[in-house]
Each structure stands twice: as structure tokens, then as C-alpha cells.
Amino acid sequence: MTLTIRANFVHTPGLGSIQILLDHLIELDSSDGFIVNLGPYGGQDLMDAVQVPEGSFILPTFCDLHLHAPQFLYQGTGLHLPLMEWLNEYAFKAEEKLDADLDLAELVYRRLARRLIESGTGAVSLFGTINEETNLIAFFDCLVLAKVMKEAGLRAFIGKLSMDTSSRPSYVEPSAQASLDSAASFVERCYALDQAKGHRLIEPILTPRFVPTCSNALLQGLGELAAQGKSFAPLRVQSHLPEPEDQVAWVRSTRHAEDIDVFDNHRLLTPRTIQAHCTFLPPPSLDRMSQTGAAVAHCPLSNAYFSSTEIFRLREALNRGVKVGLGSDIAGGYELGIQGVMRMSVAVSRLREGLLKRESQALKDGAVKNPRIDWKESLYLATKGGAEAMGLYRGSGWFNVGAPFDAQQIRFYDQRTGEGVGALDFLDHDDKSQPKLVEDVIEKWWCLGDVRNRVAVWVQGNPLL
Ligand SMILES: [Zn+2]
């Protein structure tokens with residue numbers, strides 16, 4: 001059985017390029033939600049097709065490469081502190097609270113899933129929690145997260161946190177070995193949760209929090225576990241590469257190394273690794289990211305709060321072929337919607353360009369032309385770039401045959417009222433007839449659009465909104 005959708009489709013096949021496919025058909029295999037046909041509508045009879053009205057377009061869903069699920073509990077508060085203090089005061093406390101109260105965990109995760117769908121996020125890489133005393137509780141807690149995301153129909157990587165060192169004595173795993181046993185068991189149980197052969201939506205991801213909370217023994221063991229793999233592929237890994245200056249200094253003084261060396265030495269920089277932030281990585285380290293195939297989750301909003309002295313070298317990373325996607329970094333960033341993160345990524349890159357121009361020496365040393373990105377490039381990072389950085393199924397993040405249909409419908413014009421939808425006023429300013437779907441309309445939505453414009457979301461062909 002197939003399902004046909006007739007609509008205007010918009011996607012970004014390459015960095016900076018946008019394609020508007022007016023009045024096209026996409027045909028899905030309804031048994032698995034993958035695209036089997038794509039082409040212009042040719043006037044054929046479409047009895048059972050879904051016909052998306054004019055005034056809308058269909059876009060790939062967004063990818064969020066970095067989100068701390070338990071921190072959703074206190075999203076939008078406590079951002080006055082520097083990172084290491086913030087972790088103690090807010091993050092560890094909230095995570096501990098959810099580990100101790102599974103009903104609360106379920107409530108937080110259900111609400112999070114709902115907000116992700118409303119925001120157009122179809123794929124997300126999640127940090128969860130650890131447990132306090134018994135592995136059973138920890139497994140169960142992260143399985144709550146996995147189960148909730150599975151029931152919501154989202155594509156999600158679930159990360160049970162690994163940390164055997166902590167500034168909070170009640171929130172730490174008892175030893176490197178206990179942490180490793182817990183991680184290995186969680187991987188098994190998480191795979192068992194989603195039995196779908198080949199088209200699974202839920203996957204475990206190894207999640208050493210960051211170097212300061214992980215001993216070398218733990219990192220070594222996680223590197224081995226990752227390499228052992230599962231289902232004929234190495235396991236996925238996520239963590240943080242330096243964001244704040246005090247973290248960089250701490251790792252240098254205690255490990256006598258850079259964070260990137262520590263991860264690389266323990267085989268945790270792989271083509272299936274996502275590293276958040278990377279604000280302190282100089283160009284040679286970006287080369288190393290590119291060579292190892294590890295991806296960056298660029299989180300411009302939380303960087304603005306916590307990174308203080310460095311801005312991620314986004315253009316240099318892209319020029320070097322580093323895989324880059326966007327991350328909300330809830331709750332270090334307060335904005336859950338990737339649409340807001342896209343806007344922030346452009347704004348931050350423009351500020352960086354201004355700073356580099358002022359410091360002409362830096363521009364000379366960095367030899368980077370055009371450090372800023374534009375809205376089309378950010379849309380690529382939020383969709384196709386993000387999907388590639390997450391290592392999703394081949395062809396994900398844009399519309400093509402063989403890719404899963406992960407999509408959102410954006411309504412920009414209401415034919416009934418003759419007005420733009422939501423904040424998209426004056427689309428009809430020059431002409432009383434219906435506005436055509438052109439690049440300007442998409443740019444206007446990119447700048448001003450919000451949840452009022454999003455009327456449908458599908459993940460792997462399943463309607464979620
Ligand atoms: Zn983070």
C-alpha cells in the first residue's frame with residue numbers, strides 16, 4: 001500500500017541552497033513510511049491522495065542534536081550562574097529529583113515530547129540521568145524516557161548518563177565499573193524496547209557527561225563498549241567538548257591534556273559521535289573532528305550564556321567538512337524550538353564576523369572568509385545537515401526516494417480569511433490574490449514563524465500532530 005501527498009515541498013539539498021518543489025507528489029510506502037516516489041504532479045486522478053492546500057508548504061522536520069531531557073523541568077530559569085556552579089545548583093539537583101520520582105520523570109518527558117512535536121522537531125539526541133543507588137532505578141528511569149519518546153513517535157537517541165565523578169556526592173555512580181555495567185545493560189534494554197528491524201526510531205547512545213565527571217577508566221571502558229557495537233554497527237556516543245573557559249582550564253590542570261585528546265585517546269571520537277559546543281576548538285582540532293567523522297552539535301544560545309570568551313568557529317568547521325547540526329541544549333539554552341536556534345546561529349555568526357573584522361589580526365590568522373551564515377544555511381543545518389550529523393538513515397533531512405518521510409506542514413496563508421497566518425502579516429500587501437510560495441515567503445516564515453504556522457508533523461510517515 002502507498003500513500004500519496006500532493007503539496008508544495010521545500011528543502012535544502014546543499015549548504016546555502018534551497019529548492020521549492022511546487023505542486024509535487026510524494027508517494028510513501030505506508031508499511032514503513034519511506035518515500036518511494038517523488039515528482040511533479042502531472043494531472044493524474046488522485047482519489048485517495050492527501051491534498052495539502054495552497055498557502056502551505058511541507059518541510060523536513062528539524063533535528064535537535066543536544067538536549068538534556070530532565071533539565072526541561074527548570075527550562076528558562078537559573079541562567080545567571082557560570083556553568084560549573086549552574087550544574088551544581090540546578091542541573092544535578094533536577095536530574096537527581098527525577099531519578100527519585102519516576103512519576104515526575106514521566107510527566108516531564110511527556111510534556112517535553114509534546115513541545116518537541118509542536119516545535120517541528122522530529123529527531124532528537126537526548127541526555128538522560130544517572131541513578132543514585134541501584135542500577136535498576138537508573139535503567140528504569142532512562143527507560144521511562146525511551147518509552148515516552150517511543151510512544152510519542154519521535155526519532156530519539158536515549159542517553160543514560162555515565163559519570164563516576166561529581167561535585168554532588170549524592171549524584172554520582174559508585175565506580176567506573178558500576179557505571180560501565182549500567183551503560184552496557186541499558187544499551188541492551190533500550191534495543192529490546194524497539195524491536196523494529198532496520199527502521200527503529202529509538203536507539204541508545206553512550207553518554208559520558210563530559211571529561212570532568214568521567215575517570216579515564218570509565219572513558220576507556222565506554223570506548224571499548226562503543227567499538228564492540230550492536231547490530232553490526234559501533235554504538236553511538238555523545239558528550240560535550242569544551243564550552244566554558246574554566247572547564248578547559250580544569251581539564252588541562254587535572255588531565256594535562258585537552259578534552260579532545262582525552263576523548264580521542266579513549267576511542268570516543270568516531271563517525272557515530274556527537275560533541276556539543278566545541279567553542280574552544282582551534283582549526284587543527286576541527287581538522288581532527290573532520291578526520292574522525294565526529295559531529296558537532298552547535299548550540300548558539302547556551303554558548304552565548306556559558307562560553308564567555310569563545311564563539312564556535314562555524315564557518316571554519318563547515319569549510320573543513322565537519323558534520324554540524326543544531327542543538328537546543330535545554331536547559332543551558334532556554335529555547336526548545338530549533339527555529340529559534342536557527343535564528344540565534346545566524347545572529348551569533350554575524351556578531352562573530354563583526355568581532356573578527358575589528359580584530360583584523362585574528363581575521364588574518366584565522367584566514368576565514370565570510371564567517372557569517374545566512375538563513376538558508378541555518379535551515380540546512382537544522383534539517384539535512386543535522387540528519388547527516390546524527391547519522392540518520394541515508395537521505396534523511398530532505399525529500400528523496402529511499403528516505404523516511406519526516407516532515408512538517410507550515411501554513412503561511414489562510415485562504416478563508418485572506419490573511420497571513422500567525423505573525424506573517426502583510427503577505428498580501430501588494431496583491432489581493434493569494435501570495436505565491438517564493439523564497440521571500442520562506443524567509444519571512446524563518447524570521448517570524450512560530451507554532452501557529454505548524455499544522456502537521458510526520459515522523460517516518462506517522463502523523464504526530
Ligand atoms: Zn549540554
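**Close-up views of a predicted model**

View 1. In helix 13, the buried residues are Trp-375, Lys-376, Glu-377, Ser-378, Leu-379, Tyr-380, Leu-381 and Ala-382. The model shown here and in the other views is predicted. Helix 13 spans residues 375-382 and is mostly covered, with eight of its eight residues buried. Its N-terminal end is capped by Asp-374, which places a side-chain oxygen 3.1 Å from the backbone nitrogen of Lys-376.

**View 2. The zinc site.** His-66, His-68 and His-240, each through NE2, and Asp-329, through OD, coordinate the zinc ion at 2.1 to 2.6 Å. The angles subtended by the four donor atoms run from 82 to 169°, so the arrangement is irregular. Along the chain, the donors follow the spacing H-x1-H-x171-H-x88-D. His-66 belongs to strand 6 (residues 62-68), and Asp-329 to the loop between strand 14 (323-326) and helix 11 (338-358), so the pair ties together parts that are 263 residues apart in sequence. His-66 and Asp-329 are both buried.

**View 3. An aromatic cluster.** Phe-9, Phe-399, Phe-405 and Trp-458 are linked into a cluster by ring pairs. The structure holds 11 aromatic pairs. One of them, Phe-399 with Phe-405, is tilted, at 6.0 Å centre to centre and 35° between the planes. Phe-405 is buried, with a relative accessible area of 0%. Phe-405 and Trp-458 also form a tilted pair, because their ring centres are 5.4 Å apart and their planes meet at 55°.

**View 4. Charges over rings.** Arg-6 has its charged end over the ring of Tyr-41, 3.7 Å from the ring's centre. Lys-384 lies over the face of Trp-398, 4.9 Å from the ring centre.

Methods
Residues are numbered from 1 along each chain as its sequence is written. This is a predicted model: local features need pLDDT of at least 70, side-chain atom pairs count only at pLDDT 80 or more; totals for chains, interfaces and linings use all residues. Side-chain values use heavy atoms; hydrogens and water are left out. Buried means under 20% relative accessible area, exposed over 50%, partly exposed in between (1.4 Å probe, protein chains only). Helices (H or I, at least four residues) and strands (E, at least two) are DSSP runs, numbered from the N terminus. A polar contact is a pair of N or O atoms within 3.5 Å; within protein, one must be able to donate a hydrogen and the other to accept it, and residues adjacent in sequence count only if both atoms are side-chain atoms. Donors are N, O and S atoms within 2.8 Å of the metal (3.2 Å for Na, K and Ca); water is not among the atoms, so sites may look incomplete. Four donors count as tetrahedral if all angles lie between 85 and 135 degrees; four count as square planar and six as octahedral if opposite donors are over 155 degrees apart and all others between 65 and 115; anything else is irregular. Rings of Phe, Tyr and Trp (its six-membered ring) pair if their centres lie within 6.5 Å; planes under 30 degrees apart count as stacked, over 60 as edge-to-face and the rest as tilted. A charge sits over a ring if NZ of Lys or CZ of Arg is within 6 Å of the ring centre and within 35 degrees of the ring normal.
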